Amino acid sequence: MNLTEKDILRTIIDGAKALGLEVYHVFEQYQYAHRTSKGFPDLVLARPPRLVFGEVKSLQGKLTTDQERWIAILERCNVEVYVFRSWEEAEGVLRGERSG
């Protein structure tokens, strides 16, 4: 089945919460504030000592130039940043079973 980015995002949010992570969904906040920077990753996931940034894309989804720029910036800051295309990918990373 070909899930939309919205479907994948909702599944990742629910799954991350079930794993005990704090979840911040940037787009939800953007709707109200309109002050976030274009291309910032969709999710910030935290459970000390880890802080994970996640951009969610469908299997066919492509990163924008702004998203690529933010991912590169975060990588240079030595934080974990991933592009998730499924809950299974995200789960492996969040459980520490794979590095992305």
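Which residues does Phe-84 touch, not counting residues up to four places away in sequence? In this predicted model, Phe-84 touches Ile-12, Leu-45, Val-52, Gly-54, Glu-55, Val-56, Lys-57, Glu-89, Ala-90 and Val-93. Contact here means heavy atoms within 4.5 Å. Residues are numbered from 1 along each chain as its sequence is written, and side-chain values use heavy atoms, with hydrogens and water left out. Local features need pLDDT of at least 70 and side-chain atom pairs count only at pLDDT 80 or more, while totals for chains, interfaces and linings use all residues.

Phe-84 is also among the residues with the most contacts inside the largest nonpolar core. A nonpolar core is a set of buried Ala, Val, Leu, Ile, Met, Phe, Trp, Tyr and Cys residues joined through side-chain atoms within 4.5 Å. Buried means under 20% relative accessible area, exposed over 50%, and partly exposed in between (1.4 Å probe, protein chains only). At least two residues of the core come from each of helix H1 (5-18), S2, S3, S4 and helix H4 (87-94). Helices (H or I, at least four residues) and strands (E, at least two) are DSSP runs, numbered from the N terminus. H1 gives the largest share, five residues.

The buried residues of H4 are Trp-87, Ala-90, Gly-92, Val-93 and Leu-94. They pack against H1, S2, S3 and S4. On the H1 side, Ile-8, Thr-11, Ile-12, Gly-15 and Ala-16 meet Trp-87, Ala-90 and Leu-94 of H4. The two helices, H1 and H4, pack at an angle of about 30°, and their axes are 9 Å apart. Axes are lines fitted to C-alpha atoms, for helices over the stretch in contact, and angles run from 0 to 180 degrees between N-to-C directions. H1 and H4 are therefore roughly parallel to each other; the class takes angles under 35 degrees, with over 145 roughly antiparallel, 65 to 115 roughly perpendicular and the rest oblique. Just after H4, Gly-96 takes a positive phi of about 80°.

A pair of aromatic rings is described by the distance of the centres and the angle of the planes. Rings of Phe, Tyr and Trp (its six-membered ring) pair if their centres lie within 6.5 Å; planes under 30 degrees apart count as stacked, over 60 as edge-to-face and the rest as tilted. The count comes to three aromatic pairs. One of them joins Phe-40 and Phe-53 edge-to-face, 5.9 Å centre to centre with 85° between the planes. Phe-40 lies in the loop between helix H2 (26-33) and strand S2 (43-47) and Phe-53 in strand S3 (residues 50-56), so this pair ties together parts 13 residues apart in sequence. Phe-40 is partly exposed at 24% relative accessibility, whereas Phe-53 is buried at 8%. Phe-40 also pairs edge-to-face with Trp-70, at 4.8 Å centre to centre and 80° between the planes. Trp-70 sits in helix H3 (residues 65-76), 30 residues from Phe-40. Trp-70 is buried, at 18% relative accessibility. Phe-40, Phe-53 and Trp-70 form one aromatic cluster.

Two loops carry backbone features. The peptide bond from Pro-48 to Pro-49 is cis, with omega near 10°. Pro-49 lies in the loop between S2 and S3. Asn-78, although not a glycine, has a positive phi of about 60°. Asn-78 is in the loop between H3 and strand S4 (80-84) and is exposed, with a relative accessible area of 71%.
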